[in-house]
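Q: I have a structure open and would like to go through some of its side-chain pairs. Can we start with the charged ones?

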Amino acid sequence: MTDQTNLIVDTLVLDLCATYVRRETRFYHVDYPTEPLSRRDVEQVFIGTLGNKVPAELLTSQQLKQVFDIAIERKHADRARSVPVWGGSMACNPGNPARILWKENGTVSLNTWKCPTYRTLGTTEASYGIFDDFFSWVFPREEERTRVLDWLAYCLQRENLKPTWALLLYSKEKGTGKSTFCDLARSLFGPENTATQNNVDKLTSRFNGLPLTSRLVISEEVSLRPDSTQSNALKFTHQPLGSWLAKLRA
């Protein structure tokens with residue numbers, strides 16, 4: 001094969017192996033882990049996405065056959081060139097752009113964290129812009145405002161670390177900016193990395209996969225009594241939650 005042919009095959013093999021995982025003879029796209037595909041499905045879907053990757057005149061059926069043979073059929077120790085075995089687990093690993101995370105036992109876990117698109121725009125001068133007046137209105141006390149913004153900055157600048165406390169927003173009436181603040185936080189962390197739920201039922205239940213695989217959890221209309229089961233569960237939980245932001249009922 002020519003050098004150009006080798007380069008095309010290698011590029012497509014790496015792309016395929018970074019996009020799909022396999023489990024129990026089925027294949028899964030890293031962005032759609034609940035939709036199993038057959039090998040034939042994977043081949044057809046992958047071919048359909050090649051339009052913007054390789055010029056059609058440079059791609060042959062023989063090259064495609066070789067791509068699928070290397071990535072799926074052959075047995076070799078090159079992890080980057082073989083569709084990995086997914087153990088079925090998913091985890092939020094903020095700051096890590098890799099969607100596939102290797103484990104010690106040779107299987108992989110799926111990273112649910114995605115880099116928010118606005119962060120690809122480059123750096124700009126630090127400024128609150130129009131939100132300066134908004135923060136001053138929502139949090140009129142300077143000490144309180146500073147504490148909230150410090151919490152937000154810490155969680156964003158150290159996304160791989162779990163904060164030791166959460167924000168609870170409360171007001172005696174509606175229309176005080178709580179929802180707008182939550183919308184702002186959701187945009188900063190990335191909608192794809194945020195779980196929004198009513199109350200804390202799912203957060204404290206056994207089946208809480210979405211909150212556990214999200215970087216930010218927003219709980220709307222929270223009603224907690226100090227002696228409630230949910231209150232104690234939140235207080236003593238050791239679950240690997242990311243940042244938690246709750247709106248208490250007015």
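A: First the term: a salt bridge is a side-chain nitrogen of Lys or Arg within 4 Å of a carboxyl oxygen of Asp or Glu. On that basis, a search of the whole structure finds ten salt bridges. This is a predicted model, in which local features need pLDDT of at least 70 and side-chain atom pairs count only at pLDDT 80 or more, while totals for chains, interfaces and linings use all residues. Residues are numbered from 1 along each chain as its sequence is written, and side-chain values use heavy atoms, with hydrogens and water left out.

Q: Which residue meets Asp-31 in a salt bridge?
A: Lys-114 does, at 3.4 Å from N to O.

Q: What about Glu-159, what does it form a salt bridge with?
A: With Arg-119; the closest N and O atoms are 2.8 Å apart. That pair links distant parts of the chain: Glu-159 sits in the loop between helix 5 (142–157) and strand 7, Arg-119 in the loop between strand 6 and helix 4, 40 residues apart. Glu-159 counts as buried because its relative accessibility is 7%, whereas Arg-119 is partly exposed at 29%.

Q: And which residue does Arg-74 pair with?
A: Asp-69, with the closest N and O atoms 2.7 Å apart. Arg-74 is partly exposed at 41%, and Asp-69 counts as partly exposed at 22%.

Q: Which residues are linked in a network of salt bridges?
A: Asp-10, Asp-78 and Arg-81.

Q: OK, switching to rings. How many aromatic pairs does the structure hold?
A: Nine. Rings of Phe, Tyr and Trp (its six-membered ring) pair if their centres lie within 6.5 Å; planes under 30 degrees apart count as stacked, over 60 as edge-to-face and the rest as tilted.

Q: Why is the pair of Phe-46 and Phe-68 called edge-to-face?
A: The ring planes of Phe-46 and Phe-68 are at 75°, so the pair is edge-to-face, with the centres 6.1 Å apart. The pair links distant parts of the chain, with Phe-46 in helix 2 (residues 39–48) and Phe-68 in helix 3 (residues 61–73), 22 residues apart. Phe-46 is buried at 2% relative accessible area, and Phe-68 is buried at 4%.

Q: How far apart are the ring centres of Phe-135 and Phe-181?
A: They are 6.3 Å apart with the planes at 75°, so this pair is edge-to-face. Phe-135 is in helix 4 and Phe-181 in helix 6, 46 residues apart, and the pair links distant parts of the chain. Phe-135 counts as buried at 4%, and Phe-181 is buried at 1%.

Q: Which residues do ring pairs link into a cluster?
A: Tyr-128, Phe-131, Phe-134, Phe-135, Phe-139 and Phe-181.

Q: Where is Phe-131 found, then?
A: In helix 4 (residues 131–138). Phe-131 is partly exposed, with a relative accessible area of 31%.

Q: Last one: Thr-176. Where does that lie?
A: In the loop between strand 7 (167–169) and helix 6 (178–189). Thr-176 is partly exposed, at 21% relative accessible area.

Q: Which residues is Thr-176 in contact with?
A: Leaving aside neighbours within four places in sequence, Thr-176 is in contact (heavy atoms within 4.5 Å) with Trp-137, Val-138 and Ser-171.

Q: What polar contacts does the Thr-176 side chain make?
A: One is with the side chain of Ser-171, at 3.0 Å. Another, of 3.5 Å, joins the side chains of Thr-176 and Lys-178. A polar contact is a pair of N or O atoms within 3.5 Å; within protein, one must be able to donate a hydrogen and the other to accept it, and residues adjacent in sequence count only if both atoms are side-chain atoms.

Technical notes:
Helices (H or I, at least four residues) and strands (E, at least two) are DSSP runs, numbered from the N terminus. Buried means under 20% relative accessible area, exposed over 50%, partly exposed in between (1.4 Å probe, protein chains only).
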